[in-house]
Amino acid sequence: MIIELGHFALILAFVLALVQCVVPVWGAVSGDRRLMAVAPPVAGMQFLLVGIAFAALSHAYVTSDFSVLNVVENSHSAKPDLYKITGVWGNHEGSLLLWVLILALFGALVAAFGRNIPADLRAATLGVQGWVTAAFLLFMLATSNPFLRVSPAPMEGNDLNPILQDVGLAIHPPLLYIGYVGFSIVFSFAIAALLLGRVDAAWARWVRPWTLLAWMFLTLGIAMGSYWAYYELGWGGYWFWDPVENASFMPWLAGTALLHSAIVMEKRGALKVWTVLLAILTFSLSLLGTFLVRSGVLTSVHAFATDPLRGTFILGILVAFIGGSLALYAWRAPLLKQGGLFAPVSREGALVLNNLLLTVAAVSVLVGTLYPLALEALTDEKISVGPPFFNLTFGPLMVPLLIAMPFGPLLAWKRGDLAAVSQRLYAVLGLALAATLVTAWAQGTEKILAALGVGLAAWVICGAVAEILSRARFRDVGLSTGLSRLYGLPGSAWGTALGHAGIGITLLGIVAVSAFEEEKVLTIRPGESVEIGDYRLAFGGLARRTGPNYIDDVGHFDIYRGGAKVAEADPAKRLYTARRMPTTEAGIVTFGLSQIYVSIGEVHADGGADIRLYHKPLVTLIWLGCLVMGGGAVVSLFDRRLRVGAPKPARRQLAAAE
Amino acid sequence: MKRDSKMTRKQRRLTMIAAAGTVLAVAVGLILFALNDQIVFFQSPSDIVAKTIPDGQRIRLGGLVAEDSVTRGENAEVRFTVTDTVESVNVVYVGLLPDLFREGQGVVTEGVMKPDGLFYADNVLAKHDENYMPKEVADALKGKGVWQGKE
Amino acid sequence: MWIAFSLLTVLAALAVLVPLARSGRAQARAGSAHDAEVYKAQLDEVGRDLDRGLISQEAAVAARTEIARRLIAADQAATRDATGEPGDAGRLRLRVVQMLAVVVVPLAAIGAYLAFGAPDIPDQPLVARLQASTQDRSLPELVARVEQHLAKDPEDGRGWDVLAPVYMRLGRPEDAAAAYAAAIRLLGPDVNRETDRGEALVVANNGIVSAEAHAAFERAVKLDPEAVKPRFFLALALTQENRREAAIAAWQDLLKDARGGEAWAEAVRIELAKLGVETAPAGEPVAGPSREDVKAAEGMAADERGAMIRSMVDGLDARLAADGGSTAEWLQLMRALAVLGDTDRLRQVIARAGEALKDDPAALAQVKSLARELGEGS
């Protein structure tokens, strides 16, 4: 009954989505407020219904109800409870339901917190969100219904792939989806604005928090996925330029560009046409990612079971939404009035450069991802486009972006003074040069590129700090006033600084790992030890350990530094007994910001083992930087000014009191 | 709007367009260069025997790991034979093999052919799915009439 | 369930209807008023930038002028933005949307659900199903699933143990015997498992206690000398082997443990009666294989034993055909043929016994009942 209720709720949600498609937009276009007023409660109800469906499916998973086909195919009664829940989105149908749930969630959020948005814009936005929701609900009901029943019900399910039974993977998809799908609401805003002809500074201000929210989750989702691959796959890599990774990275690049162009549009009324286009493109890239992952075009760990009908359906959604929105754009965009002018050297100019570089970088990733598919379809020639391609194209595009980064926030709007800003950055440049020289001196001149990379990271991080300090004006107002000014700085200023510093931190981690990482592959026998970095690892031998549904061959290592034992590592070769599936459990020990990473390969008859050993200096910075970026987004979101326009008198008094 | 700039509106626009054009041109150049130079072609053992592959060109070699061909040396050196049942190529690899590397199973290796007739791999791939046959391998084997996978 | 369905549908319809019923006046101000708010905030920001020294005094003035101009434009737009009460077109729209909510939404949702849903299938959480009675009507399917599970994990002794009695209930004694054997192998021997395995073998063998079943019962008795069921079958075996004295002793030994009223005790009395003890009319003892013959048979290999039984059966058959014989002899021949699995001949013998004993209704009834037991009942 709960399952059938979930199924019914899903169907009702689809029917309601059809109402949401039509009525609010009709109201917005004809100026009928009562019709517009339908949008928020329907969006809320929509979320409730999809929520009921999701809860019903989760309930079926938790209670191991094998009368549901989806549960049979992806669960097992003996699976730990946590993985019963995460198994809900560990498969095509369930993850699609999560997708739609998040779509509906964003609709409901706009309905609940969007009171400061003009009624017509809000109604039209929710209407467009209704189109997206309806399309995906139809897709789900027609080709991927998670509520299909089996009668008679089997007594046991097929279990989830062991590699997916991991906490990291449990958190990664929801974060990523909130990011991916969050851009849908920005897309809806853009389409609604085009329909209503309302694309102005105020529009940009309403759109920004939603972009920020989606961007934050996408950043964290990508970082989480990267860390998962790092510790679970046992290869020691954190980014593989795998097509599925690229599918999430492209919307991130476009979303980052959108975040910046929306600032220009809000502050100066310029770049309207471009910003709306970016909003459409960002979500289109999310849809493209969904298509690539689900259509079976790509084979990957992430790619779920493939079915030609699903691929065709998703392609249809893709073509309809991207084609339709771009056609609408082509028709309406010329009607938009251009905003303020600005000189090439100005805050606007810097943000345009940012957009240019990010967009082109996204295009280069897109080319690298689609080229092998296109080539195979056209010539039957099979190729792979791997990291070398992306390092050669993506890397050079990022360098000017990072060099320009500290300048941007210091330049004035409209017309900036490059010389004056450069003067402010002398100290930062000095620090960056110092970092470069120290690195070159410590690591030898043959690693000059790495030294320059460290210098660039220092430049970006110090630049972000300098920007904040300059806002506080310690030099002019003294320490105490400076501190109080620092405290009183708007959240968005802190957000900018944290976001930029985060990029620098991640860059530092990437440079350090790529250039200074040590790797050893060797056979080690009990009693032997191996040196790496400043550490010595003594191998204590292998032992067999039995887990709940696997058997481990655990290797024990004592780690010494300067003669004293500092840590232990226990990498393992794991065999999941039910599926006879081996996995590698890396032994990772963190020292400060660096890590020692050991994984075991072949086990020899004499008790020895082949091991792969890494010393990864500063590797944790890669993910810490992402956390800092996410933190920047949070701080920005709490910026009071983003909530401007709320007509509540109470808030006005509060603002006046400040 | 006041003309408070030293440049005319036209000049500004030209500057912007020039900047954008430069970035685009550089990017297109990079992409084309990288596509020429940095992509790796997929080859089956038959392809390698039939064609002469220039020394030092990176390729991906895919096929089945021949039964009883895996020998392990000291310090994680592994030698095995990749075959498409018509031709086969001997591969040398130093490192840890993926979890799902097995004799008789599909594999994709990346590396270079050396004049001694051995394929020196620096990367061996086998994805995390027990039913997974790398797509390239499946296609290549289908071509040889060996692999009867589900269509 | 339908109550919950209706509730959801009503809620969905209300989500559309309620806002329609409300007056438009409660709604927020027009968009241009919001714009003004944004421009005011921008004016503040110019002040901050000036304060920070990012822009010159002059530039600040210019920026303020520009923003002020937009602000004025927005204010003018706001005054123009008066929305009148909905006219006829508005009323029509209202009616259409109301119809949509009241008629189309419920009909479409319930129609689609009836087409795709499965309202007749209840939730089946695993725990509840495991607790539920095994007399569930989908028992055979459940068994099939357990079999699938055991095919994947044949070392799951509990699974076999659970499955075996279900097989018995389903009339698949061979499978039950095999399942018990697996359970014994994995979980260790146990009186009940050995006994039940033996019973399954006996049933599979049309009621004849085979050597394998015999061994199982003996192991069970060794595990628990007091156990009634294996001893019952051992006594039955003696009866079937026509070792009359040993059988009577075994039955009587069993009867001593009866406290009265047990179903098996009644069965024992019937068996004793058949052997002519207590209530029995003085029946002629059946000429069976001699003690030596049986001893010899026990030492033989299975196929040799089969050959020996066959030769005895042929002898008995020939004698009955030529001279006729007692009811007990006919029954013995039938059992023997069943053991040999010679069903064609068994059918002939049943027919011939019916012919030979047609004047003795009691004997005929015995033949018929044994024929049914042996799966040849008509």
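In this predicted model, a salt bridge joins the side chains of Arg93(C) and Asp32(A), with an N to O distance of 3.1 Å. The count of salt bridges between chain C and chain A is one. Across the interface of these two chains there are also nine residue pairs in polar contact, both residues being at pLDDT 80 or more.

By class, the residues of chain C that touch chain A divide into 36 nonpolar, 14 polar and 17 charged.

The contact as a whole takes 67 residues from chain C and 77 residues from chain A. The size of an interface is often expressed as the accessible area lost when the parts come together. Between chain C and chain A the buried area is about 6300 Å², and carbon and sulfur atoms give 63% of that area.

A further feature concerns helix packing within chain A. The axes of helix α21(A), residues 491-516, and helix α22(A), residues 621-637, come within 7 Å and cross at roughly 170°. Because this angle is over 145 degrees, α21(A) is roughly antiparallel to α22(A). The contact of α21(A) with α22(A) comprises 13 nonpolar, eleven polar and no charged residues.

Notes: Residues numbered from 1 in each chain as written. Chains lettered and ligands numbered in written order. Predicted model: local features only at pLDDT ≥ 70, side-chain atom pairs only at ≥ 80, totals over all residues. Heavy atoms only, no water. Contact = heavy atoms within 4.5 Å. Buried area = accessible area lost by both parts, 1.4 Å probe. Salt bridge = Lys/Arg side-chain N within 4 Å of Asp/Glu carboxyl O. Polar contact = N/O pair within 3.5 Å; in protein donor to acceptor, adjacent residues only side chain to side chain. Nonpolar A, V, L, I, M, F, W, Y, C, P; charged D, E, K, R; others polar. Axes fitted to C-alpha atoms, helices over the stretch in contact; angles between N-to-C directions. Helix = DSSP H or I, 4+ residues; strand = E, 2+ residues; numbered from the N terminus. Parallel < 35°, antiparallel > 145°, perpendicular 65-115°, else oblique.
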